[in-house]
Each structure stands twice: as structure tokens, then as C-alpha cells.
Amino acid sequence: MNAIILAAGKGERLQPLTNDKPKCLVELFGKSLLEWQIATFQNSGITDITIVSGYKSDLINFPETTILKNENYNSTNMVETLFCAKEKMLDSTIVSYGDIIFEKNVLNKLIQSKADFSIIVDKNWKRYWEMRFDNPLNDSESLKIDTDGNITSIGKKVQKIDEIEGQYIGLMKFQNVGLEKIKEFYEKTKSQSTNESNPLNPLVSFQQSFMTDFLQALINDGCKLKAIEVENGWLELDTVSDYDKYMELYSKNQLSEFIDLGD
């Protein structure tokens, strides 16, 4: 089993914290986001770790990892960043966004899943979103799960809370036929795209497709994406407001309400 961390982004909403470094190197509680992730993977027995860099990639230097670069990070999004590491998509591959940290037990739930497509979903998302936003509908997207535990809708804009049965956190695993399927599906949809048409999302170019666009297209194509349910145990660092709120909770010893850092 190996891991790919998608860490090409600038993190413009984190400025000035990202003026001189990529988003993934911003420090939380004494360690950069990448350091937290690498430690969690290694502590769970995953030592084959690839980081796909982009913005200020020369600053990303972890000798125990493979560093690849999305040369087009300025004009592409998560899907293209992932497939810069196509050569590292092996028998069982965990994919993580570079702007999150998560507990070992969250990762272990993903490791233990036998599904071809496994997506971590936070069922206790609303409590976490209420801490981050005045309105929990802010920055939230649809996530619906069927009676078999498979995701049926992901990444759509929502008007009502009941359209959200969990929060996609940016941590997933592809293995066995699932891994071959995403490679094949990526090539097929990319070849079908034109300047005027994107089969993943008609509102953006193929290069700008979001990961949730790709996942929803897989669902629409008949793939079963298993929701691996957790209750908190992770943090996303997206804005300066996030940073300030996390550091305030940390200083008050209240962060454990959302994540156990294992101190």
C-alpha cells in the first residue's frame, strides 16, 4: 500500500501565511501539514509516500518521500495533479489532499476497507462546520449515501442541510479493479473533452475539474464508491480564519473536541 499527497496548491485564501511557502508547508501546532501527514502514514506502516508539488515546490524536501511536480499547477486542479503521479498508482493507493491532517484511526479505517473505491466521510461534519462558519451551509456540498453505504451524490451545491449526509474530507483509497478503472476513466474522459466541452463538469475546463467532479462521474458510470464513515478526527486548513480558530482552540486545550493530535 502506498500514499499520494496532492500538494500543488498556492493556498491564496491563507495569505499571508502562504506568501513564502506552499499551503502544505504552513505550520499547525508546531509541524507543517505535510509533516503531520507523513508521520501519520508512517505510523500506520505506509512508507511509500509520494508528494505531488507545484507552487514553490523547491521548498518541499522530505528525503523519505518521492517528490513529483505538477508543472501546470497554475492552470490545473486536483484531478490533473493526481494523474501527475500515475506511475505511483499501484495495487492499493491512498490519495490525500495536502491541506488536511487526520488521526491515525481515521487512516486505519481507510486501510482496512476492502472496497475498490473507498472515500472517508465525516458523519459529524455539521458540528465541525458550525465551529468554522457562521452558516454551516457555507462551503458545504452535497453528499448522499444509499442503503448499501455507497455514495450517490458528491460535490454539488446545496440549498438545504438534508442534502448533506456527511462531509467529504479529501482522503480516499483506490485498489484492485478500482485503480485500473480510474486510470482508464481519466484517459477516456480527457480524450472526450474539448475547449467547449468537459464530460466531468460543463462549467469548467477538463484541466480545472475538481476531484468531486471526477468521483461523481465515476458514480454516474456505475462505480460503487464506498463511504467509510468517521466522526470528526480531522482538520482542513483552507483560510486564515481556520488557522486562527484552530490555534485559539489549541491554546485553550479544546482542540480534542475535533481531533486527537496524539500529544
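1. Overall make-up. The protein has seven helices and 13 strands. The model is a predicted one, and the points below should be read with that in mind.

2. Size and form. The chain has 263 residues, and a compact globule of that length would have a radius of gyration near 18 Å. The protein has 17 Å, so its value agrees with that of a compact globule. Taken along the principal axes, the box filled by the C-alpha atoms is roughly 50 × 45 × 35 Å.

3. Surface and burial. Of the 263 residues, 56% are buried. The accessible surface comes to about 12,000 Å². Carbon and sulfur atoms account for 44% of that surface.

4. Contacts along the chain. Consider the contacts between residues at least 6 apart in sequence: 71% of them join residues at least 24 apart.

5. Strand 1, burial. Strand 1 covers residues 2-7 and is mostly covered, with six of its six residues buried.

6. Strand 1, partners. Strand 1 is paired with strand 6, residues 92-97, through five bridges, and the two run parallel. Within this pair, Ile5 stands opposite Ser96 of strand 6. Strand 1 is also joined to strand 4, residues 49-53, by five bridges, again in a parallel arrangement. Here the bridge partner of Leu6 is Val52 in strand 4.

7. Asn232 is found in the loop between strand 12 (226-230) and strand 13 (234-236).

8. Asn232, surroundings. The side chain of Asn232 makes a polar contact of 2.8 Å with the side chain of Arg127. Leaving aside residues up to four places away in sequence, Asn232 touches Val106, Asp122, Asn124, Arg127, Tyr128, Glu257 and Phe258.

Methods: Residues are numbered from 1 along each chain as its sequence is written. This is a predicted model: local features need pLDDT of at least 70, side-chain atom pairs count only at pLDDT 80 or more; totals for chains, interfaces and linings use all residues. Side-chain values use heavy atoms; hydrogens and water are left out. Buried means under 20% relative accessible area, exposed over 50%, partly exposed in between (1.4 Å probe, protein chains only). Helices (H or I, at least four residues) and strands (E, at least two) are DSSP runs, numbered from the N terminus. Two strands pair if DSSP finds at least two bridges between them. A polar contact is a pair of N or O atoms within 3.5 Å; within protein, one must be able to donate a hydrogen and the other to accept it, and residues adjacent in sequence count only if both atoms are side-chain atoms. Contact means heavy atoms within 4.5 Å. The radius of gyration is taken over C-alpha atoms; the globule rule is 2.2 Å times the number of residues to the power 0.38. Accessible areas come from the Shrake-Rupley method with a 1.4 Å probe; for residues, only the protein chains shown count as cover.
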